[in-house]
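The sequence and structure are shown first.

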Amino acid sequence: QVQLVESGGGLVQAGGSLRLSCASSGGTFSLYTLGWFRQTPGKEREFVAAINWNGKTTYYSNSMKGRCTISRDNTKNTVYLQVNTLFPEDTAVYSCAAHLGPRDSIGPVFSEAGLYDYWGQGTQVTVSS
């Protein structure tokens, strides 16, 4: 059973940055395509970024492109999301997700939450104005 555990969330002032981490256990991490999503109460889950199995290909939502960077360390079974220049509207629970299947190229299909097989519980990010 694959387990994903996020960390790194918290309270940050607008304009600040955060680095979120998601540690995996229970499977072969290097075989996963990974994604980050976020959700606020009353809204649908929103795609943020995805990364392929070896970290050489990434895909970002239009709203977050240029402000965040997804990366992974397969030796540590961990995927990261660096988010810069945070705005209050970035306040959300950020979750990582794993798609069981290594892909060399990734694209818009990986913005679909239904494609992912495992999810973490999420980490709260609150941005104060």
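A residue is called buried here when its relative accessible area is under 20%, and partly exposed when the value lies between that limit and 50%. The model is predicted. By the buried cut-off, both Asp90 and Arg67 are buried.

**Salt bridges**

A search of the whole structure finds three salt bridges. Side chains of opposite charge can pair when their charged atoms come close.

| Pair | N to O distance |
|---|---|
| Glu46 and Arg38 | 2.8 Å |
| Arg38 and Asp90 | 2.8 Å |
| Asp90 and Arg67 | 2.8 Å |

Asp90 pairs with Arg67 in a salt bridge. This pair links distant parts of the chain, with Asp90 in the loop between E8 and E9 and Arg67 in the loop between strand E6 (58-60) and strand E7 (68-73), 23 residues apart. Salt bridges that share partners join Arg38, Glu46, Arg67 and Asp90 into one network.

Asp90 also meets Arg38 in a salt bridge. Arg38 lies in strand E4 (residues 32-39) and Asp90 in the loop between strand E8 (78-83) and strand E9 (92-100), so this pair ties together parts that are 52 residues apart in sequence. Both Arg38 and Asp90 are buried.

How accessible is Glu46, the partner of Arg38 in another of the salt bridges? Glu46 has a relative accessibility of 30% and therefore counts as partly exposed. Arg38, with a relative accessible area of 8%, is buried.

In soluble globular proteins, nonpolar side chains tend to be buried together. The largest nonpolar core in this model has 27 residues, of which Trp36, Val48, Ile70, Val79, Leu81 and Tyr94 touch the most other members. Two or more residues of this core come from each of strand E3 (18-25), E4, strand E5 (46-51), E7, E8, E9 and strand E11 (123-128). The most are given by E9, which supplies four residues. A second, separate core has seven residues, including Phe47, Ile106, Phe110 and Tyr116.

**Ser61**

Ser61 is placed in the loop between E6 and E7. Is Ser61 buried or exposed? Its relative accessibility is 9%, so Ser61 counts as buried. Apart from neighbours within four places in sequence, Ser61 is in contact with Phe47 and Val48. Phe47 belongs to the second core, whereas Val48 belongs to the largest one.

How values were computed
Residues numbered from 1 in each chain as written. Predicted model: local features only at pLDDT ≥ 70, side-chain atom pairs only at ≥ 80, totals over all residues. Heavy atoms only, no water. Salt bridge = Lys/Arg side-chain N within 4 Å of Asp/Glu carboxyl O. Buried < 20%, exposed > 50% of the residue type's maximum accessible area, 1.4 Å probe, protein only. Contact = heavy atoms within 4.5 Å. Core = buried A, V, L, I, M, F, W, Y, C linked by side-chain atoms within 4.5 Å.
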